[in-house]
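Me: Hi! I'm new to this one and would like to talk through its salt bridges. Could you take a look with me?

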Amino acid sequence: MDSQLKRLALAAAFSPASARLGRALRERSPDRHRPLDYLKHLPPAGDARLLREPETLAPVLDSLAAHGWRWLALGDADYPSLLADLDDAPGVLAVRGDPAVLATPQLAMVGARSASADGLDNAHRFARAFASAGFTVTSGLALGVDGAAHQGALAADGRTVAVLGCGPDRVYPARHAALAERIVEGGGALVTEFGPGAGPLGPHFPMRNRVISGLSLATVVVEAALRSGSLITARTAAEQGREVFAVPGSLHNPLSKGCHRLLRDGANWLESVDDVLAAFGDFRRTVEHSPALNATRPTGLLGHFTGGVNDLDSLCRRSGLPMAELADQLAELELEGRVRRVAGGYTARSAPPE
């Protein structure tokens with residue numbers, strides 16, 4: 001049986017009890033067992049027929065695969081490792097876009113759907129800065145802060161991941177359908193643990209939120225009321241052993257109260273990217289070398305350098321220079337001490353050596 005059909009059948013049969021499927025998959029690989037072998041793990045509300053007759057899902061698989069969807073089971077090499085660490089990790093993820101993006105360092109950004117103008121601006125600005133620094137911005141595709149975070153990452157030509165609270169056969173909210181396409185086209189991904197046909201039901205969103213925080217190194221709460229899903233996400237992130245950041249706001253804004261409570265309870269203060277650097281020292285050089293975060297962006301060839309190692313093909317593509325001219329300019333920059341040759345390419349120095 002096709003391995004993708006197996007994974008789809010498991011996801012659909014167990015949905016929305018994906019965490020229960022995850023526990024079963026830790027003991028039994030879908031590549032070595034039939035879908036029917038998981039019947040004893042199926043909750044009462046599960047669809048046993050799909051385990052007995054997975055071939056009935058073949059037309060669904062063909063339709064969704066034609067739109068770029070594929071399924072990753074817990075234990076697969078490309079299943080995100082941070083998420084796999086969770087006790088309640090989803091058994092199967094449906095992914096549309098580049099699955100490799102799920103292995104990149106991610107920052108979750110969440111907040112109010114009815115965010116203030118300041119909240120939307122903060123979400124967009126921080127997401128753009130984080131994406132420019134090399135982080136993938138992960139959120140839930142909702143209205144308000146989520147949408148602004150995805151758009152901010154895309155504005156920096158960065159990658160972003162949207163975790164859905166419904167099945168892969170729909171986009172919710174519908175008005176973000178175009179944004180979802182931009183996320184995929186920009187090298188990001190759409191992700192869901194729910195099976196085809198699953199609607200955006202209320203109980204699905206706390207489950208989705210644990211995936212958002214579980215994929216990420218840290219969760220940033222931009223704006224939140226005292227009773228909100230964003231605070232649930234923050235609490236879940238803390239329980240997962242991940243960092244939590246909160247953006248302080250006006251005392252007169254009710255959507256700042258949730259952030260202020262998080263700060264009182266020990267969340268990290270977030271006013272600038274430097275606050276993230278204090279918690280994530282391993283990424284300091286990437287951020288410091290990011291041209292988009294500097295007030296004075298380097299000009300010329302240096303303006304096309306990113307943090308980390310820049311290989312010749314990437315520099316040629318970004319700069320548009322012929323390879324011979326690119327080599328000449330790199331040689332000059334190396335003599336000036338502006339770049340350094342390393343294994344695999346070149347890195348930019350933050351300043352010429354003394």
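**Salt bridges in the model**

Reply: Happy to! Let's start with Arg210, which is buried, with a relative accessible area of 7%. Keep in mind that this is a predicted model.

Me: Which residue does Arg210 meet in a salt bridge?

Reply: That would be Asp88, and the N to O distance is 3.4 Å. The two link distant parts of the chain: Arg210 sits in helix α9 (residues 204-214), while Asp88 is in the loop between α5 and β2 (92-97), 122 residues apart.

Me: OK, new topic. How many salt bridges are there?

Reply: The count comes to nine. One of them pairs Asp31 with Arg7, with the closest N and O atoms 3.1 Å apart. Asp31 lies in the loop between α2 (18-25) and α3 (48-52), and Arg7 belongs to helix α1 (residues 3-14), 24 residues apart.

Me: Why does Arg7 count as buried?

Reply: Its relative accessible area is 3%, and buried means under 20%. Asp31, in contrast, is partly exposed at 47%.

Me: What about Asp76, which residue does its side chain meet?

Reply: Arg7 again, in a salt bridge of 2.9 Å, N to O. Asp76 is in the loop between β1 (69-73) and α5 (81-84), 69 residues apart from Arg7 in helix α1. Both Asp76 and Arg7 are buried.

Me: What do the shared partners join together?

Reply: One network, made up of Arg7, Asp31 and Asp76.

Conventions. Residues numbered from 1 in each chain as written. Predicted model: local features only at pLDDT ≥ 70, side-chain atom pairs only at ≥ 80, totals over all residues. Heavy atoms only, no water. Salt bridge = Lys/Arg side-chain N within 4 Å of Asp/Glu carboxyl O. Helix = DSSP H or I, 4+ residues; strand = E, 2+ residues; numbered from the N terminus. Buried < 20%, exposed > 50% of the residue type's maximum accessible area, 1.4 Å probe, protein only.
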